[in-house]
Amino acid sequence: MPFQVKDLKFAKDALDGISEQTMTVHHDRLYAGYVNKRNEIEQALPKADRSKAAQTYSEYRALKLEETFNADGIILHELYFDSLGGDGSVPEGAFVEQVRKDFGSWEAFIEDATACAMAARGWAVTAYDVSDGRIHNFLCDAHNHGGVWGSIPLFTIDSYEHAYFMDYAQDRAAYIKALWKNVDWHAVEARFQRVLAAHHA
Ligand code: FE
């Protein structure tokens, strides 16, 4: 199969305020489900009848729509999991410098990312937009909605209920507050450095 489930880099019971049960359902069931469905779509696409492609309904259209839904579901979840397992400490470096430039202060960035996650029906995505050279928090109501072409995601907050309902019921603000204690900003810094090296080589 071309797409594989990536293991978590931390134990499922290692997070502070996000339970083992939530991580098990989120990683092993929901995220793995996107990987499986993307593989299924990859296998079905070559066989779909191109001559019947239509915008109202067609097998080809349905597969192409769900291709981006599942592809982005994988990408956004892998970023989410890869950005957890830390202690929330923020290393000095290129990422924090860029954030201060684009948001005025680290605190203003956190305030904006929190607001974005509170307002989204799916995701808040912190991304570096190659077209303007700035970091933005983008709001996504679904995995394949709200992305800006050419921007590279660096950090995500999953704001679907499945990310917090078992731990906090409807209290999303409490979940986001807990999330900040678990972010691995060192991983985000390393990711941003790789992006800069690739785009400014
Ligand atoms: Fe999720």
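The structure is a predicted model, so to speak: local features need pLDDT of at least 70, side-chain atom pairs count only at pLDDT 80 or more, and totals for chains, interfaces and linings use all residues. Numbering runs from 1 along each chain as its sequence is written, and side-chain values use heavy atoms, with hydrogens and water left out.

The largest nonpolar core holds 47 residues, with F95, Y175, W180 and W185 having the most contacts inside it. Such a core is a set of buried Ala, Val, Leu, Ile, Met, Phe, Trp, Tyr and Cys residues joined through side-chain atoms within 4.5 Å; buried means under 20% relative accessible area, with a 1.4 Å probe and protein chains only. Domain 1 (20-82) and domain 2 (94-199) each supply at least three of the core's residues, the bounds coming from an automatic or database domain assignment.

Y175 touches I18, Y80, I157, D158, A163, Y164 and Y168, leaving aside residues up to four places away in sequence (contact means heavy atoms within 4.5 Å). With the same exclusion, A163 touches T22, H26, Y80, D158 and Y175. A163 counts as buried because its relative accessibility is 1%. Its C-alpha atom is separated by 8.1 Å from that of M23, 140 residues apart along the chain.

As for the largest pocket, D72, H143, G147, V148 and S151 lie nearest its centre, among 19 lining residues. A pocket here is an open set of points on a 1 Å grid over the protein atoms alone, where a 1.4 Å probe fits, with protein on both sides within 12 Å along at least five of seven lines; lining residues have an atom within 4 Å of a point. Both domains give residues to the lining, so the pocket lies between them.

Definitions and conventions: Buried means under 20% relative accessible area, exposed over 50%, partly exposed in between (1.4 Å probe, protein chains only).
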